[in-house]
Amino acid sequence: MKNWMSLQADFGNFHYRRNVYLFALKMSFLAVVLSGVIMSLTIPPLGFFGLLPVTLSHALGFGAIFSWLVGGTVSGMLSLAAGFALHELTLSRAEFEKLSRTDTLSGLLNRRAFTEALENTESDASLVIFDVDRFKAINDRFGHACGDAVITAVSAVLTSAFDELSVVARLGGEEFGVIVSGEPLEARLERIQAVRARVAGGPIVAEGHTIGITISGGVADLVAGRSKQQVYASADRALYLAKARGRNRVVHEREGLHHAWHGLSENSPDAESRGQGGDNVMQAYGI
């Protein structure tokens, strides 16, 4: 019985109050059935030895009535109490799981939940790592309350810009991650660029200050055969290039690969070394 109740709780059957009443009804019926079985096994032998104060038929009838009235009622009340306790426990556990996967300030998923979502994403998607430009300077100049307001504002833009097919998270500090799915690559890149432009075009007011915000982004594609570590590292390198090229821009990994290749071509003394360098760059980008 204990294991069955635990199994019910694990499956979330106590999440809704109506399931508590169904649980109590089932337990009452089960108690009556068990009482009936016990009486059918004990009353006839008592009647056989003449130990019943009434006839066997009357004893069986009284036993059936009392099993419904007493056994069913008591079992139902106890089951209701246990069911509501499990109901509260289920809700508390669901809330705890939600909090353990949610960033408190932004309301977005946290790094742990984002990593799980990334591992479960197979292909035909892009990973974007966004970073708020010069966030430390904002904190130093305007204070941490304004810094929190910036994080909240960027989170709101990201949430509204990406649909339910995408995954949006705050990875920590001023860094955000998005898994963009459900459309061709060019459409994904257009949406990502639009988000960057939207953030740059709308300064926020916090603590009496008007604060302009820009973000930079690095994009890498999730395709079959690439490990998630390679994709993340490639997006991170693309973000670094976006920062190095002046911030307030989005760089796709292919653009980063092009710049790395161009630099090798200029610095390599001959074609053979260029070829070897190109292979190293391709390997570094996980392509």
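**Figure 1. Overview of the protein chain in the predicted model.** The protein chain has 10 helices and 7 strands. It consists of 287 residues, 38% of which count as buried. Taking contacts between residues at least 6 apart in sequence, 68% join residues at least 24 apart.

**Figure 2. Packing of helix α4 against helix α8.** Two packed helices are described by the angle between their axes and by the distance between those axes. Here α4 covers residues 111-119 and α8 covers residues 228-244. The angle between them is about 120°, and their axes lie 10 Å apart. Angles of 65 to 115 degrees would count as roughly perpendicular and those over 145 as roughly antiparallel, so α4 and α8 are oblique to each other. The crossing of the two helices, α4 and α8, is right-handed.

**Figure 3. Residues at the contact of α4 with α8.** From α4, the residues R111, L118 and E119 take part. They meet K228, Q229 and Y232 of α8. Sorted by class, this contact of α4 with α8 has 3 charged, 2 nonpolar and 1 polar residues.

**Figure 4. G225 in the loop between β6 and α8.** Strand β6 spans 215-222, and G225 is placed in the loop between this strand and α8. G225 has 82% relative accessibility and therefore counts as exposed, the cut-off being over 50%. E122 is 103 residues from G225 in sequence. In space, G225 and E122 are 9.4 Å apart, C-alpha to C-alpha.

Terms used
Residues numbered from 1 in each chain as written. Predicted model: local features only at pLDDT ≥ 70, side-chain atom pairs only at ≥ 80, totals over all residues. Heavy atoms only, no water. Axes fitted to C-alpha atoms, helices over the stretch in contact; angles between N-to-C directions. Helix = DSSP H or I, 4+ residues; strand = E, 2+ residues; numbered from the N terminus. Parallel < 35°, antiparallel > 145°, perpendicular 65-115°, else oblique. Left-handed = near helix turned anticlockwise from the far one by under 90°. Contact = heavy atoms within 4.5 Å. Nonpolar A, V, L, I, M, F, W, Y, C, P; charged D, E, K, R; others polar. Buried < 20%, exposed > 50% of the residue type's maximum accessible area, 1.4 Å probe, protein only.
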